[in-house]
Amino acid sequence: MAPLIEVADLRTHFFTDEGVVKAVDGVAFTIPAGKTVCVVGESGSGKSITGRSILNMVPYPGRVLDGAIRWQPDGAPPVDLLALDPKGREIRAIRGKDIALISQEPMAALSPVHTIGNQMIETIRLHLGLTKADARARAAEMLAKVGIPRPKDRLDSYAFELSGGMRQRVCIALAVACGPKLLIADEPTTALDVTTQANILDLFRELRDALGVSILFITHDLGVVAEIADEVVVMYLGQVVEQGRVDDIFHRPLHPYTRALLGSVPRLTRHRPERLPTISGMVPSPFERPSGCLFHPRCDRFEQGLCDRSAPELDRYANDRVARCFKAGAGS
Amino acid sequence: MLTYILRRILFMVPVTLAISLVAFIIIQLPPGDFITALTAQMAENNETLDPETLAALRDRYGFDQPMIVQYWKWITGIVFRGDFGQSFEWSRPVADLIWDRLGLTLIVSFATLVFVWVLAFPIGIYSAVRQYSWGDYIATFFGFIGLAVPNFLLALVLMYLSSRYLGASVGGLFSAEYVNADWSWGRVVDLLNHLWVPVIVLGTGGTAALIRIMRANLLDELKKPYVELARARGLSETRLLLKYPVRVALNPFISTLGWILPTLVSGAVVTAIVLSLPTSGPLLLNALFAQDMYLAGGFILLLSILTLIGTLVSDLLLAWLDPRIRYE
Ligand SMILES: Nc1ncnc2c1ncn2[C@@H]1O[C@H](COP(=O)(O)OP(=O)(O)O)[C@@H](O)[C@H]1O
Ligand code: SF4
Ligand SMILES: [Mg+2]
């Protein structure tokens, strides 16, 4: 079956005063229709910028240098979203309607001076062309769907009147309001407390089953991945280092970085420790990218003369898996 | 909201009274009174007043009574009879002197406010959205000049330019034939012809400041997630810009309502003198020098009330614009 969207050889760099940040440097993966793909990696690995690149809205001073985002819903001929004018009509018709974003900060993602209803009705009318009354009814229906009590009254509330969890529900309702085919959820649970996180994850699963929507779920938390992913893309310093089905990734990781990430999660339960998992060594500064394999300064399988000299390619392995490591085939 | 408005309006009453009392006391603080100022002035011209006349004057104006009694007479006169007392220097009721000047002051303030808003709003937005573009650099350059050049200098330059190249009579708000005329269409046109010079002089600094504030605020807002999310919802750049970040960055504009009047009155005296504007600043300054206390007091009181009203209106607008304030 053809994937819903294909990210090919994406390279998005930031041209800052201090130098070029290769935020995304050759990322490729696909999202099958109706599946949830998790993108994991430590902070700064380029997850968010990958998500923004898909919507063709990379913030200044970033620029997409290369690559294609092939959008092919329902077997339609693919459209390269990166070839569209980032401010033009065509991409705007897709944003918010076919592809919706849910951001990391429910606190700040809603306007502080407009009601929830105002923003929902605006989006619904923009994409679905409903009358004001119909759009309002649909907005209330969406709030009900994401489990917000007294949805009709809530339309007239402001974001600051709601708790963090409720705000994230509103953001999710806003994202699914126009019947999208793909949700890009950028760390949607990171800012929430553990109980609320679990509830929001449940909501994502419900919506996926009820709406058949594909989800690109960005997180640095493997515990979350275990709960929601069909497929996993592991990123490090702007590159994909491994992709595969969730069971394979968890039980037979090919890449040392994936293994290290897994090793740093003590138990895959809902009651994770508050501290984020850590791996030995630090993520290098974006301006001091290591030679050869980008992971070699932190790798426990590092081989002198090989890993620091040449860069491994993203190779295919059995079970539709890919990994970027010279030693990936060697078994573990 | 309604209770908020009511509370604010009720709150204004004691504040106004307190201001009037403080104003009255401060006006009386310098040693001596109008009579001593008058005798000093006459002595300079080698004239003297005989003691009987002086005593009669003192008696008439109640200078020998305790200050609180004087204050009480003054404030009750204003509140119950609209009587602001008599100007010693002009020998006319204060009310007659004040209203005209106050009206013109308000007109100049309002015109300046409109000038400041109309310029600062689009330029501020442009500067932020096209940060580091040529237009932004130009706006920044003129902004700093606008902030740095003192008003009186700007006034002199404008007066020179307009009399040299436009052949216009500058200074004042009216041409000679209209100064003391009754209001007519011709007088209004004449006013508008003169108004632009003081408006530019008085408004340039504020415009420059407001452009900087708008630019900084908007740059902050543009980075916020709600702007990105509005973009991700499919809104066009113009629409999302005006509806979200500009709206949030608008607060300083509203606040100008509150400060424009006091700056015009206190800071603009020099300008008003240079431009010989018949506004309240110069008259107030004179009145203070001459210890013409009822005239000065009346001015200070009315200007304070106007400032309070300006602040109130701006606070109400802010509350209307920003629900976070409204719900506090
Ligand atoms: N606006 C920006 N300006 C400069 N660099 C940026 C900007 N946004 C992101 N980056 C850089 O791009 C890299 C990837 O960022 P991001 O995608 O946000 O990482 P992640 O989401 O995985 O934590 C980081 O090194 C970050 O510093
Ligand atoms: S290529 Fe070498 S350094 Fe890189 S992950 Fe594999 S073993 Fe480690
Ligand atoms: Mg991120």
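These exercises work through a predicted model, with a solution after each task.

**Exercise 1. The contact between the chains**

Describe how many residues chain B and chain A bring to their contact, and how much area is buried there.

Solution. Begin with the residues: 22 of them come from chain B and 28 from chain A. Next take the area, which is about 2400 Å² buried between chain B and chain A, with carbon and sulfur atoms giving 62% of it. Within chain B, the residues that lose the most area to chain A are Glu228(B), Leu229(B) and Arg233(B), and together they make up 25% of what that side buries.

**Exercise 2. Polar links and the elements that touch**

Find how many salt bridges and polar contacts run between chain B and chain A, and which elements of chain B supply the touching side.

Solution. Count the salt bridges between the two chains, which gives four. A salt bridge between Glu122(A) and Arg239(B) joins their side chains, at 3.9 Å from N to O. Then count the residue pairs in polar contact, both residues being at pLDDT 80 or more, which gives 12 between chain B and chain A. On the side of chain B that touches chain A, two or more residues each come from helix 9 (225–232), helix 10 (237–243), helix 11 (245–249) and helix 16 (323–326) of chain B. Helix 9 of chain B gives the largest share of that side, namely six residues. Sorted by class, the side of chain B that touches chain A holds 10 nonpolar, two polar and 10 charged residues.

**Exercise 3. Two helices that cross in chain B**

Work out at what angle helix 5 and helix 15 of chain B cross, and which residues meet there.

Solution. Two packed helices are described by the angle and the distance between their axes. For helix 5 (residues 94–129) and helix 15 (residues 293–321) of chain B, the axes come within 10 Å and cross at roughly 40°. The crossing of helix 5 of chain B with helix 15 of chain B is right-handed. Residues of helix 5 of chain B in this contact include Trp99(B) and Arg101(B), while those of helix 15 of chain B include Tyr294(B) and Gly298(B). By class, the residues of this contact between helix 5 and helix 15 of chain B are 12 nonpolar, one polar and one charged.

**Exercise 4. A salt bridge within chain A**

Explain why the salt bridge between Glu187(A) and Lys47(A) ties together parts that are apart in sequence.

Solution. Over all chains, the structure holds 28 salt bridges. In the one between Glu187(A) and Lys47(A), the closest N and O atoms are 4.0 Å apart. Because Glu187(A) lies in the loop between strand 7 (182–186) and helix 7 (194–211) of chain A, whereas Lys47(A) lies in helix 1 (residues 47–54) of chain A, the pair ties together parts that are 140 residues apart in sequence.

Methods. Residues numbered from 1 in each chain as written. Chains lettered and ligands numbered in written order. Predicted model: local features only at pLDDT ≥ 70, side-chain atom pairs only at ≥ 80, totals over all residues. Heavy atoms only, no water. Contact = heavy atoms within 4.5 Å. Buried area = accessible area lost by both parts, 1.4 Å probe. Polar contact = N/O pair within 3.5 Å; in protein donor to acceptor, adjacent residues only side chain to side chain. Helix = DSSP H or I, 4+ residues; strand = E, 2+ residues; numbered from the N terminus. Nonpolar A, V, L, I, M, F, W, Y, C, P; charged D, E, K, R; others polar. Axes fitted to C-alpha atoms, helices over the stretch in contact; angles between N-to-C directions. Left-handed = near helix turned anticlockwise from the far one by under 90°.
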